[in-house]
Amino acid sequence: MTEALLEIKDLKTWFKTDDGMVRAVDGVSMTIARGETLAVVGESGCGKTVTARSVLKLIDMPPGRFEAGQIVWRGRDLIPLPAADMDKIRAREIAMVFQEPMTSLNPVYTVGDQIAESLRTHHGLSRKESIDGAVEMLKLVQIPNAERRVHDYPHQFSGGMRQRVVIAIALACKPQLLIADEPTTALDVTIQAQILELLGDMKAKFGMAIMLITHAMGVVAENAQRVVVMYAGKVVEEAPVEELFGNPRHPYTQGLIRSIPRVDARTRGHARLEQIPGTVPSLLNPPAGCRFANRCRFATDPCRDSEPPLRQVAPNHKVACIL
């Protein structure tokens, strides 16, 4: 593996509520190397987005807090950094594409002004220089008539074009790491493919790393080099993408992969998509043992009694399962 840009070490991001402490991220560790795409997958409520927002310290405190762990960016732990130092890192070194482009964009400012803000803040450009830079970014993300559309407002763009604008804002300062949180949510299939292709092109152009957060395993297979599978605030499996799809070890990962529609000859005409029964357990009072045990067809009493550690079972392949 090449040099690590980001190392998340035993991170615990918890939220205090009237009912108790919600352990949204509960001991997560992962590493992102320079220039790679790491996919973080799992169903809704598994802690993917909270992990991503923790990296940029975009957690409301209170009610959130970092209970334990480290977020090491290029050798420096971000958790104890003051807000002024974090402001120098956000957008310039680490940028984020949020889930819903319409709520990510300010409706009362033109898209040009929103792209230019990062350029003025981090590079000290004048208004004209920053607007010129915004035009170049719109061209880069393939928005037609960029010189005219730089003065338009978010509501004047389609969903796919708004997502391109969000990507342009994130990439304006050429960050070393882009966190893409469900970047194709609410987009139709054709536009999804275009956005993912655009991210790949931008990654190659800028030489950046990408943390791709998704629950779509098909997206993972096409776009990632390594995969981290999260469930109920924990990492349950980590492997290179070919190894994960070729030999998934955790029952949860196996269920996710079996839920992917197939069109090959072996399944044509008679296959049913498999579903994982049950729901993600409450993170207010998570079970004492394996958090997937109540949904796992292989679960035994030891699974419910003690939590399995994440251990290496093959080169670069880790899994948290006693089986």
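Which residue in strand 8 does Ala 180 stand opposite? Ala 180 stands opposite Leu 212. Before going on, note that this is a predicted model, where local features need pLDDT of at least 70, side-chain atom pairs count only at pLDDT 80 or more, and totals for chains, interfaces and linings use all residues. Residues are numbered from 1 along each chain as its sequence is written, and side-chain values use heavy atoms, with hydrogens and water left out.

Start with strand 7, residues 177-181. Strands (E, at least two residues) and helices (H or I, at least four residues) are DSSP runs, numbered from the N terminus. Strand 7 pairs with strand 8 (residues 209-214) in the parallel sense, over five bridges. Two strands pair if DSSP finds at least two bridges between them. Strand 6 (residues 94-97) also runs parallel to strand 7, and four bridges join them. Here Val 97 has Ala 180 as its bridge partner.

Now look at burial. Five of the five residues of strand 7 are buried, so the strand is largely enclosed by the rest of the structure. Buried means under 20% relative accessible area, exposed over 50%, and partly exposed in between (1.4 Å probe, protein chains only). Leu 177, Ile 179 and Asp 181 point one way from strand 7. Leu 178 and Ala 180 point the other way.

Next, a loop. Ala 299 lies between helix 11 (251-258) and helix 12 (301-305). Ala 299 is buried, with a relative accessible area of 18%. Leaving aside neighbours within four places in sequence, Ala 299 is in contact (heavy atoms within 4.5 Å) with Ala 293 and Arg 304. The C-alpha atoms of Ala 299 and Ile 322 are separated by 9.4 Å, and these residues are 23 residues apart along the chain.
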